[in-house]
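Dear colleague,

I am handing over the structure we spoke about, together with some notes on what turned up in it. Please have it open while you read.

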Amino acid sequence: MKKRIIILLLCGLFLLLQGCTDKIKTKNVSLTVQETMTIAEENVEAEEREESDFETSYPVVVTDQLGRQVIIEEEPQTIVSGYYISTSLLIALGQEEKLVGVENNPEKRPIYQKCAPHIMNLPQVGTVKELDLEQCALLQPDLIILPFKLKDTAESLEQLGINVLYIKPESKKLLEQATALLGIVTNSNEQVEKLQSMILEKTKEMQDLVEKSERPTVYITGNSNFLTTAGCEMYQHSLIETAGGENVAKELNDFSWAEISYEQLLAWNPEYIILAADAKFDIETVLKDENLAGCKAVKNGNVYQMPSNIESWDSPIPGSMLGSLWLANVLHSDVYDVSRYESAVEEFYGEFYGL
Amino acid sequence: MEIVKRTKKIQYIIVIILILGVCFFLSLSAGKFPLHVPDLFRGDETALSVFWTLRFPRSCMAVIAGFGLGVVGIVYQTIFQNPLAAPDIIGVSAGACGGAAFGILFCAGGTVGVTLCAFAGSVIAVISALGLSMVVRGKSHLSIVLSGLAVQSLAQTVLMMLKLMADPEKELAAIEYWIMGSLNAITAKDIMFPIGVTAICMMILICLYRQIFLLSLHEDEATLLGVSVGILRLVILLLATLVVAAIVSVTGVIGFVGLVAPHCARLLLKNLCVETLVLSGLIGSVLLLVADILARTVAKSELPVSVFTSLIGVPFLVWLMVRKEKN
């Protein structure tokens, strides 16, 4: 009797294991952003894992980065992106052909010209400050992705029968969540996984090399004014810290670019000054500024500008990982060679942007 | 009308000068860079550089700008016979904002380029307003106000268009911050021009104080007293506006000083006299100095100075008004 019970239990256990294996092989699930993040994190941290193919099952309920629950009935075939970050993300996820409208002034982004030139001719729907609702009504996209600052437009767009998702990629973590969110709604989860794996791999490789080096102090400027900088709540802060530097402005907790004075900068006395990718002033102007004569970075000529010939890597876009790698090469060229950074650039843009 | 004796007027002025002295000393002591007096006497290069190129010029600019705005405020309120008249009534601030926005968007000269564009914008606005008023029949001070309103509206429209063109991620924030006014970027190089213009124009305005007060009379009365109302008004307004243009082009728009300081001076001295002009200027200096000290010390980053000029100025004005009622 006991033996029969044990045999029955073993059979039951075997059947259970068989069912679970089948489930893992093909998973058609409806996932929330949080669940996807959890799964994505587990997959990345695991040393060995099975190959899995996540297909989004429509209709899918997602939570955007303003906490709004949005039901996506079917895979969107036409998308409007009102934010340069979501446009760049969609290109990286291979969704650029679905774009029917983009943010204003796409000609300012070299990446579009290089890998998706048709974007230049698409209708423009607005900026982070204002949205052209009539243009959106005309385009009638299946989905519109907007920056969180345009949150007041949600009701109007829903009345027009347009699904809208808001993203708020204000930090590294939030950028990862935004990436996962767009991956779910566009059914490109596999691409999301590849993207996040590469970002993690390259960043970890760099951090392993620089972790034993001393962390130099870094001051990063804003775009239009040398005396604006990023505090601890800004994305640029994490860019510096990831690259093995110490942000001199980390004590500031402004949620946007903070104004400082020359006195403040001289008090911080950074070892490196990094100009924003799209700064209106150049390295020469900073080096010749008499008010900065006492600053360590200026004395030693350690003033650099973030590259911008492909994308502006100091903003929260997928390629900003390369901004950290570039900065790590600037701060720790003895341990993080320029060839590593250059090969990472080639690999990243080759894989995700077709360059 | 109660007349304040001359000795009491002088006492008020001396007290305000003493308060100004204390505030100036506090301003020299306050800042993000740890300046110590022994370092200065020891000849520490960095400390001396910070003191003479940053801290001292910034404090001087606050004194001069406050004085200029205070005197100009009382001049405007007298000429326009309007207690709510402020230095930007004929569009000088709006013109400066438009010019600064243009400079931020299109000029590669950094702060120098922005300053020049702001000054040019304010001068163009004022000349347009005064020129337009001369075309209008009647030539009363109301025609200048109306012309100023028209130019102000036009300048604000230009500013709106420039803001629309500005990149929201980059230039727009810089324009908004400039409009709010700050002394954070003031260095020794920046103060020469505004101090020079302000000093010369102030001297002329104070010398013309009798003529300014005569303009507070009805136009017919002033004419009967031998005053060439039209020309005098234009000259005085031009001088006053040059002061505002020179200040605003460097500091951005600083609100409330030109409105509050004259009222405080009048409430203390009760009537219009040369002492009222000077006292208004001194109160303006104290107000702007204290506001600037707070703007650079209250938070970890620099805050716009206009926030504090109103926070301090308005309660002080209310206190004076309540005190006057009680007396």
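In this predicted model, the contact between the two chains takes 28 residues from chain A and 28 residues from chain B. On the side of chain A that touches chain B, the elements that give two or more residues are strand 12 (258–259) and helix 10 (262–268) of chain A, and helix 10 of chain A gives the most, with 5 residues. Sorted by class, that side of chain A has 11 nonpolar, 10 polar and 7 charged residues.

Turning to chain A on its own, the chain has 355 residues, of which buried residues make up 46%, and its secondary structure comes to 14 helices and 14 strands. Among the contacts in chain A with a separation of 6 or more, 61% are accounted for by residues 24 or more positions apart. The domain assignment gives domain 1 (54–187) and domain 2 (213–353) of chain A, and the centres of these two domains, taken over C-alpha atoms, are separated by 29 Å.

Where the two domains of chain A meet, 15 residues of domain 1 are in contact with 10 residues of domain 2. On the domain 1 side of that contact, helix 3 (84–92), helix 4 (110–115) and helix 7 of chain A each supply at least two residues, with the largest share, 5 residues, coming from helix 3 of chain A. By class, the side of domain 1 that touches domain 2 has 9 nonpolar, 3 polar and 3 charged residues.

Helix 7 of chain A (residues 172–185) also packs with helix 8 of chain A (residues 189–210), their axes coming within 8 Å and crossing at roughly 155°. The two helices are therefore roughly antiparallel to each other. From helix 7 of chain A the contact is made by A:Glu176, A:Thr179, A:Ala180, A:Gly183 and A:Ile184, and from helix 8 of chain A by A:Asn189, A:Gln191, A:Val192, A:Leu195 and A:Gln196; by class this contact has 4 nonpolar, 5 polar and 1 charged residues.

In chain B, the axes of helix 3 (residues 45–79) and helix 8 (residues 188–207) come within 9 Å and cross at roughly 30°, which makes helix 3 of chain B roughly parallel to helix 8 of chain B. The crossing of these two helices of chain B is left-handed. Among the residues that make the contact are B:Trp52, B:Met61 and B:Val75 of helix 3 of chain B, and B:Ile191, B:Pro194 and B:Leu205 of helix 8 of chain B. By class, the contact has 13 nonpolar, 3 polar and no charged residues.

Finally, some backbone details deserve a look. Most residues other than glycine have a negative phi, and most peptide bonds are trans. A cis peptide bond, with omega at about 0°, joins A:Tyr58 and A:Pro59, and A:Pro59 lies in the loop between strand 2 (53–56) and strand 3 (60–63) of chain A. A:Gln140, in the loop between helix 5 (133–139) and strand 7 (143–147) of chain A, has a positive phi near 45°, and with 13 other C-beta atoms within 10 Å this residue is partly exposed. B:Gln81 likewise has a positive phi, near 50°, and is found in the loop between helix 3 and helix 4 (92–106) of chain B; B:Gln81 is partly exposed, with 14 other C-beta atoms within 10 Å.

With best regards

Conventions. Residues numbered from 1 in each chain as written. Chains lettered and ligands numbered in written order. Predicted model: local features only at pLDDT ≥ 70, side-chain atom pairs only at ≥ 80, totals over all residues. Axes fitted to C-alpha atoms, helices over the stretch in contact; angles between N-to-C directions. Helix = DSSP H or I, 4+ residues; strand = E, 2+ residues; numbered from the N terminus. Parallel < 35°, antiparallel > 145°, perpendicular 65-115°, else oblique. Left-handed = near helix turned anticlockwise from the far one by under 90°. Contact = placed C-beta atoms within 7 Å. Nonpolar A, V, L, I, M, F, W, Y, C, P; charged D, E, K, R; others polar. Domains from an automatic or database assignment. Buried ≥ 20, exposed ≤ 12 C-beta atoms within 10 Å, placed from the backbone.
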